[in-house]
Amino acid sequence: MSRRILQVGPLKPSLAATLTERYDALVLPDGETRAAFLAEHGPSIGAVVTTGRTGVPADLMAQLPALGAIVNFGVGYDTTDVEAAAARRVLISNTPDVLTDCVADTAIGLAIDTLRRLSDADRFVRRGDWPEAGTYPLTRKVSGKRVGIVGLGRIGQAIATRFEAFGCPISYHSRREVPGSPYAYTVSPAHLAADVDILVVATSGGSGTQHLVDRQVLEALGPEGYLINIARGSVVDQDALVDLLLTGGIAGAGLDVYTDEPTVPADLMTLDNVVLLPHLASGTVETRAAMEQLTLDNLDRWLADGTVLTPVPEVTEVTEVTPRGAS
């Protein structure tokens, strides 16, 4: 088993420093030098450390013939070709659980901000409009609203628990019904959207959920409904979302993610009923430190015995019987 480590894409500075200082990791360059770098070092790389924003596509994997593990900083891994990894028996790990609370907190914050228009009210005060305009326009109540969650995984369940404290009835749609869940299961995102006031997107990204929330779903949500997305931009048909926001087809949106980050559609910038965040849902000191530690723990476990602590489910069945390098 090759023990050489490669950093792919930018990482949290302290994590990148640790990889260099403790593991003598190489950093994959961009531009014209990449091909020569991979020709020289690719055959010696045993593990890649990356993020959900960068990932490891199939063409890069093919240039790393000794690759045994892709250690992902973050819970999302849709930028890594999972099928190619499984075919090559390459383990993929991520950092679940440790960021659940902060992402769920962000979803609640976005919902409150979007319905109560707190960010816009803040701008109202800062512009000096209050003395001239008087009372700020009435907004929408959050407590008691019907909430639908697309994706009742760890994060989705944490979001549901928080909304329960606001007296909100909860329903959800997932790939399959969650056994023992106290919440009402709905057979499709469109059916879910038609019966709720707030639709929260909390499912994983990737080809399987591309535009899962499409125009039909958004139209079912309707002119009194609000969309909150803390999942991946790819899950929502962004063009349809922008169109419906501009024409009053839905009441508002709170977004932490976008189709082509960091690019945000210019039309969204003009709308006071939309709250825009720069993909910061897990971005607290405490959570990022925990994610960093779990990333290093996964890497250490792989170096020790060829396994990882938190493997992603899509490749576990293929790789867990005989981890690469363990035989």
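Residue numbers start from 1 along each chain as its sequence is written. Because the model is predicted, local features need pLDDT of at least 70 and side-chain atom pairs count only at pLDDT 80 or more, while totals for chains, interfaces and linings use all residues; side-chain values use heavy atoms, with hydrogens and water left out.

Let's start with the helix pair. Helix α5 spans residues 100–116 and helix α8 spans residues 154–164; helices here are DSSP runs (H or I, at least four residues) and strands are E runs of at least two, numbered from the N terminus. Their axes come within 9 Å and cross at roughly 50°, where axes are lines fitted to C-alpha atoms, for helices over the stretch in contact, and angles run from 0 to 180 degrees between N-to-C directions. The two helices are therefore oblique to each other (under 35 degrees is roughly parallel, over 145 roughly antiparallel, 65 to 115 roughly perpendicular, and the rest oblique). On the α5 side, the contact (heavy atoms within 4.5 Å) is made by T100, D101, V103, A104, D105, A107, I108 and A111. On the α8 side, R154, I155, A158, I159, R162 and F163 take part. By type, these residues split into nine nonpolar, one polar and four charged; Ala, Val, Leu, Ile, Met, Phe, Trp, Tyr, Cys and Pro count as nonpolar, Asp, Glu, Lys and Arg as charged, and the others, Gly among them, as polar.

Next, the cores. A nonpolar core is a set of buried Ala, Val, Leu, Ile, Met, Phe, Trp, Tyr and Cys residues joined through side-chain atoms within 4.5 Å, with buried meaning under 20% relative accessible area, exposed over 50% and partly exposed in between (1.4 Å probe, protein chains only). The largest one has 48 residues, and L19, I149, I159, F163, V200 and L299 have the most contacts inside it. Helix α5 gives this core its largest share, seven residues. Leaving aside neighbours within four places in sequence, L299 is in contact with I5, L19, Y23, A47, V49 and V71. Another core, of 28 residues, lies apart and includes V213, L227, V236 and L271.

Now for two single residues. M291 sits in helix α13 (residues 285–305) and counts as buried, at 2% relative accessibility. Not counting residues up to four places away in sequence, M291 touches F73, G74, T95, V98, L99 and S282. G252 belongs to strand β11 (residues 252–255) and is buried too, at 0% relative accessibility.
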